[in-house]
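Please read the points below with the model open beside you.

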Amino acid sequence: MTSKRLQQFDVQTLLAKIGEKEIEYEPGTDVFSQGDTADAVFYISKGKVKIRVLSDQGKEAVVALLGEEQFFGESCLVGQLQRIATATTITAASITRIAKSEIVRMIHADPAFSESFIIHLLNRAVRTEADLVDQLFNSSEKRLARTLLLLANFGSDSGPQPVIAKISQETLAQMIGTTRGRVSFFMNKFRKLGFISYNGRIEVHQSLLNAVLHDQPHVAPQTKEE
């Protein structure tokens, strides 16, 4: 999720100062592909991008879905030489490519940008940890509910955007680790319960958030052994 600090810092102005230009992408376009040279970081000004991985056996999984004011491709900064995933636009998108050498210079030269970028990385780490817990302990139905809420920005600093950009049930299935048939079943169930509306586009209602929060398990604090 985008932090308030990152929203307050004007990344766009900084990118304009260093001469980086936005590139316009059509939906379904690969920004980079698995196996490409990892030599840049990317910033999303508009639109959504999915990060997907293809196994040697041909199985594909969506490991992240990113939106406006988010970076991706940062692994090149820690020595990754080749991309281990493919980044593909889901919607029309405006994305800026920042060369690895340039973003390293920005991190060292601009404390405000450095702070914002670190917060972004920490938020990503927290999200990844939450996704792992979700995969390990929650049912596919609950994982789908959480994914829909995240896509609709419930709980983010920028506030909810209930209408989700068009996303296929196949992509949702890849994101939560289940089949398209199960996603279809749960989507119909959510619609009947009034949690969502969809006719091409999905609209997520507050009632889905309330249902998920109500179903959160209570974790008792650990006590020290005597």
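The numbered points that follow start with the basis of the model.

1. This is a predicted model, in which local features need pLDDT of at least 70 and side-chain atom pairs count only at pLDDT 80 or more, while totals for chains, interfaces and linings use all residues. Residues are numbered from 1 along each chain as its sequence is written, and side-chain values use heavy atoms, with hydrogens and water left out.

2. The largest pocket has a volume of about 890 Å³. On a 1 Å grid over the protein atoms alone, a pocket is an open set of points where a 1.4 Å probe fits, with protein on both sides within 12 Å along at least five of seven lines, and lining residues have an atom within 4 Å of a point. Grid points are joined across faces, edges and corners, and the volume is the space filled by probe spheres set on the points.

3. The lining of this pocket counts 42 residues, and the closest to the pocket centre are Ile-51, Val-62, Val-63, Ala-64 and Thr-128. Among the elements that give two or more residues to the lining are β4 (49-54), β5 (60-66) and α4 (111-137), and α4 provides the largest share, 10 residues. Helices (H or I, at least four residues) and strands (E, at least two) are DSSP runs, numbered from the N terminus.

4. The structure holds nine aromatic pairs, where rings of Phe, Tyr and Trp (its six-membered ring) pair if their centres lie within 6.5 Å, and planes under 30 degrees apart count as stacked, over 60 as edge-to-face and the rest as tilted. The pair of Phe-32 and Phe-72 is tilted, because the ring centres are 5.8 Å apart and the planes meet at 35°. Phe-32 lies in strand β2 and Phe-72 in strand β6, so this pair ties together parts that are 40 residues apart in sequence.

5. Is Phe-32 buried or exposed? Phe-32 counts as buried because its relative accessibility is 9%, given that buried means under 20% relative accessible area, exposed over 50% and partly exposed in between (1.4 Å probe, protein chains only). Arg-83 lies over the face of Phe-32, at 4.2 Å from the ring centre; a charge sits over a ring if NZ of Lys or CZ of Arg is within 6 Å of the ring centre and within 35 degrees of the ring normal.

6. Ring pairs also link Tyr-43, Phe-71, Phe-113 and Phe-117 into a cluster. Phe-71 is buried at 0% relative accessibility, and Phe-113 is buried at 1%.
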